[in-house]
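I opened my notebook to look through a new model, one topic at a time. Here is what I looked up, in the order I wrote it down.

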Amino acid sequence: MPILSELMYWLSQAAVASMAAAAVIEAGRKRFDLFGMLVVAVSAALGGGSLRDMLLDRPVFWVRDQTYLLTALGAALLMFFIARRWRMPLRMFLISDALGLALFTVVGTRVALNMEAAWLTASFLGVVTGVMGGILRDILCNEEPLVFQGPLYATAAWAGALFYIVLIDQGLSGVVPALLAGSLVFGLRVAALRWTWRLPSYRDADDARD
Amino acid sequence: MPILSELMYWLSQAAVASMAAAAVIEAGRKRFDLFGMLVVAVSAALGGGSLRDMLLDRPVFWVRDQTYLLTALGAALLMFFIARRWRMPLRMFLISDALGLALFTVVGTRVALNMEAAWLTASFLGVVTGVMGGILRDILCNEEPLVFQGPLYATAAWAGALFYIVLIDQGLSGVVPALLAGSLVFGLRVAALRWTWRLPSYRDADDARD
Amino acid sequence: MPILSELMYWLSQAAVASMAAAAVIEAGRKRFDLFGMLVVAVSAALGGGSLRDMLLDRPVFWVRDQTYLLTALGAALLMFFIARRWRMPLRMFLISDALGLALFTVVGTRVALNMEAAWLTASFLGVVTGVMGGILRDILCNEEPLVFQGPLYATAAWAGALFYIVLIDQGLSGVVPALLAGSLVFGLRVAALRWTWRLPSYRDADDARD
């Protein structure tokens, strides 16, 4: 059996496309040239999965199958030309990013489980797969990574990864657990943006001046 | 024989805990939320060793044994709740960081030697293991990496790694060389902070305006 | 047959030396101390090839053969002492960097082809090998990466990588295609600096204020 089932394959492709599109919107705000933008988009789209595969000591997904690279380039170019014509609101960026996060978290957790990682490790690798692309994108764009900007980001990913593992453990398989867990990540993330939910932070604001 | 002896195993765990604690103190100063902080802490605690293992083309330590991940999370949470109650002085951060640096340098050098790396390569991989976690932490916190802030940092690590290799070469084994080399790194680093020792830099200060 | 032919071996060594020298010039402008500078130089010189090898799941080049590490350290020290005596103009930095980019792109593409990567993947891995060292250097120096500063950078690398693949496909082998492709990258890069060629960017300048 291949490491990625057909379902996971398509979810991966969708994740790559979402992250590439989000990266183009952000890089566009910084007015990179076309190629700098492609570099950012491809890094964001393939970065999380590459780190996951290197950590799991398995062949890197896009090196084995060049379709991923084509998807990343295609989605980036498409978004580039769309965004040259119409202004992309910040919301579009946040939604593409949330979609990429949700899909990559589920796929990353699945791949780690297939490699027989322990459940905690698998959930953590799911989070790494989900968040690393966005971190790379934001570092390359010299922005503070979204993951550190309050509204539940890594938390949403972790909750989804753990939920996915619980569903699998309950005997579910195939599309259902992937869809439920992905929706949880996406839903939490969008709700957090909508109502700016936050987790407790280190100290109260008025304490922070020392 | 396993790649990590029992001694190295415990030194690794202590290194992971020290780096996680240091990261929480720094991320706390930036007022990340709980989860952002955990991401920084886990990246700092596991980053150096992960890079070492990927460069050596061996399975990554915390993917094989999830205890490391638990240690990183546990130390980070503990420090989070301590630091919410009592203000942590900058000194606590620098000392945790120096401890993590010393332990990771020794463990990293040992692992590289076990994988039959040449001595210079092994010492360099020791330095990478020691410094990379802190570099990741500082980049994620958007701070200038400690390693570039004058007082001997990478130098201390390299001196310790080379000293460790010399001691091994002299036929010592077990606890003694690890302890001596680790103490050298820690001692050099603390002394450098205390007396702000510096290495010669590129140009004199009054030359720098061009 | 070894993965790197003798020609590629020497081109690699030259690439390592060029990138180390460029990094020392840049780190010197920031007045890092000697060791911080060596860390930046070695990261820049070995970073691109390390990422390539980890992505290709092959042993990392400088871990197997410590000559690369010696070359990086030697070139960095030499440039350090030269630059302490004579001021290095910005042009020296840009030229060393362009040389490193050209050489690493060709070597990276060759290595990926030897590992039987598909042509598009191989060209992309060539670009990664070429640009990653400089990106690391600039992030560590807290500078905006050169690759994102307009004048064709990644574009030059990609053009060279594709040109190299076309020449190989035409049945050429040995020194000639490597030299032609490397010259194309170097020439494009230098011409772009000279006449500040740019690719179309996302929006017109007067549109950017929103």
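**Entry 1: a word I needed before starting.** I call a residue buried when its relative accessible area is under 20%, and exposed when it is over 50%. I also noted that this is a predicted model. With that cut-off in hand I looked at a pair in chain C, and Glu26(C) and Arg137(C) are both buried. Their side chains meet in a salt bridge, with 3.7 Å from N to O. Glu26(C) sits in helix α1 of chain C and Arg137(C) in helix α6 of chain C, so the pair ties together parts that are 111 residues apart in sequence.

**Entry 2: salt bridges in the other chains.** How many salt bridges are there over all chains? I found a count of 15. Arg137(B) counts as buried because its relative accessibility is 0%. Asp97(B) counts as buried too, because its relative accessibility is also 0%. Arg137(B) has another partner, Asp138(B), and their salt bridge is 2.9 Å from N to O. Both Arg137(B) and Asp138(B) are buried.

**Entry 3: what the record says.** I then checked UniProt, where an unreviewed entry lists "transmembrane region" for residues 7-25, 32-51, 66-83, 90-111, 117-136, 148-168 and 174-193 of chain A. I compared two of these spans with the model. Residues 7-25 of chain A are 100% helix and 0% strand, and their end C-alpha atoms lie 27 Å apart. Residues 117-136 of chain A are 90% helix and 0% strand, with 25 Å between the end C-alpha atoms.

**Entry 4: one helix up close.** I picked helix α7 (residues 154-169) of chain C, which has 16 residues. From its first C-alpha to its last it reaches 22 Å, close to the 22 Å expected at 1.5 Å a residue. Which residues of α7(C) are buried? My list includes Ala154(C), Trp158(C), Gly160(C), Tyr164(C) and Leu167(C). The buried residues of this helix pack against α1 (6-29), α5 (90-114), α6 (119-140) and α8 (175-195) of chain C, and also against α2 (34-55) and α4 (67-85) of chain A. After α7(C) comes Gly171(C), whose phi is positive, near 95°.

**Entry 5: how the chains are arranged.** I laid chain A on chain C, which takes a turn of 120° and a shift of 0.0 Å along the axis, with an RMSD of 0.0 Å. That is the relation of a three-fold axis. Which residue of chain A comes closest to the rotation axis? It is Met54(A), with its C-alpha at 3.9 Å. The copies use different surfaces, since 9% of the contact residues of chain A recur in chain C.

**Entry 6: where chain A meets chain C.** The contact takes 34 residues from chain A and 29 residues from chain C. Together the two chains bury about 2,900 Å², with 67% of it on carbon and sulfur atoms. Arg31(A), Phe35(A) and Arg87(A) supply 22% of the area that chain A buries against chain C, more than any other three residues. I looked for salt bridges between chain A and chain C, and the count is 0.

**Entry 7: two single residues.** Are these buried or exposed: Asp53(C) and Thr121(B)? Asp53(C), in helix α2 (residues 34-55) of chain C, counts as buried at 0% relative accessibility. Leaving aside its neighbours within four places in sequence, Asp53(C) is in contact with Arg58(C), Pro59(C), Val60(C), Phe61(C) and Val111(C). Thr121(B) lies in helix α6 (residues 119-140) of chain B and is buried, with a relative accessible area of 0%. With neighbours within four places in sequence left aside, Thr121(B) is in contact with Trp62(C), Val63(C), Gln66(C) and Leu69(C).

Methods:
Residues numbered from 1 in each chain as written. Chains lettered and ligands numbered in written order. Predicted model: local features only at pLDDT ≥ 70, side-chain atom pairs only at ≥ 80, totals over all residues. Heavy atoms only, no water. UniProt positions renumbered as here; feature names shortened; annotations may be inferred. Helix = DSSP H or I, 4+ residues; strand = E, 2+ residues; numbered from the N terminus. Least-squares fit on C-alpha atoms with pLDDT ≥ 70 in both. Contact = heavy atoms within 4.5 Å. Buried < 20%, exposed > 50% of the residue type's maximum accessible area, 1.4 Å probe, protein only. Expected span 1.5 Å × (residues − 1). Buried area = accessible area lost by both parts, 1.4 Å probe. Salt bridge = Lys/Arg side-chain N within 4 Å of Asp/Glu carboxyl O.
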